[in-house]
Amino acid sequence: MSRSKRPRNILPAHFFKGINLAGKSDKAKFKKRVVKYAIDLDIPLKSISVRPMSRKWASCSTAGNLSFNAELLNMPKKLGEYVIVHELLHFHVPNHGKLWKSLMRAYLEDYDKLEKRLSKY
Ligand SMILES: [Zn+2]
């Protein structure tokens with residue numbers, strides 16, 4: 001699972017359809033991070049929204065629509081990445097079992113620490 005060998009400057013169009021990545025706002029930067037991981041994980045996304053959510057950090061639909069809690073924009077970048085990878089992996093693995101955990105570790109080595117930090121928010 002070597003991520004560095006993949007070309008990052010050639011992005012398949014289907015990843016971007018309907019996703020507005022324009023601008024330099026925190027929201028746009030967050031969405032770009034989501035797209036970056038989605039490309040690494042081969043997940044074609046239809047939409048990404050960042051909006052106020054109660055009781056949840058993110059949600060996803062099998063149709064490729066992802067929503068993130070806008071609160072993440074005010075939190076450390078690493079925690080946002082945790083939520084991004086966590087949610088994206090659910091497109092491949094619907095639970096938090098062994099496979100999910102090993103994939104989490106492959107992308108974010110200290111994911112369990114991040115999980116603990118996030119639970120304090
Ligand atoms: Zn989950």
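Is the crossing of helix 2 and helix 3 left-handed or right-handed? Keep that in mind while we get our bearings.

This is a predicted model, so local features need pLDDT of at least 70, side-chain atom pairs count only at pLDDT 80 or more, and totals for chains, interfaces and linings use all residues. Numbering starts from 1 along each chain as its sequence is written.

**The whole chain.** Colour by secondary structure: the protein chain has four helices and three strands, and from the N terminus the order is α-β-β-β-α-α-α. Helices here are DSSP runs of H or I with at least four residues, strands are runs of E with at least two, and both are numbered from the N terminus.

**The strands.** Select residues 47-51 and 65-69: these are strand 1 and strand 3, paired in the parallel sense over five bridges. (Strands pair if DSSP finds at least two bridges between them.) Ile48 sits opposite Leu66 of strand 3. Ala58 has Phe68 of strand 3 as its bridge partner. Four residues lie between the strands of this hairpin, where Gly64 takes a positive phi near 95°.

**Helix 2 against helix 3.** Next, pick helix 3, residues 98-107, along with helix 2: their axes come within 10 Å and cross at roughly 140°. (Axes are lines fitted to C-alpha atoms over the stretch in contact, with angles from 0 to 180 degrees between N-to-C directions.) And the promised reply: the crossing is right-handed, the near helix being turned clockwise from the far one by less than a right angle. To see the contact, show Val85, His86 and Leu89 of helix 2 with Trp100, Leu103, Met104 and Tyr107 of helix 3. Residues are in contact if their C-beta atoms, placed from the backbone, lie within 7 Å.

**Glu81.** Stay on helix 2, residues 77-89, and click on Glu81. Why does Glu81 count as buried? Because 20 other C-beta atoms lie within 10 Å, and 20 or more is the cut-off for a buried residue, with C-beta atoms placed from the backbone. Leaving aside neighbours within four places in sequence, Glu81 is in contact with Arg33 and Leu108. For a last stop, draw a C-alpha to C-alpha distance from Glu81 to Tyr107: 9.7 Å in space, 26 residues apart in sequence.

Definitions and conventions
A residue is buried if 20 or more other C-beta atoms lie within 10 Å of its own, exposed if 12 or fewer, and partly exposed in between; C-beta atoms are placed from the backbone. Two residues are in contact if their C-beta atoms, placed from the backbone, lie within 7 Å.
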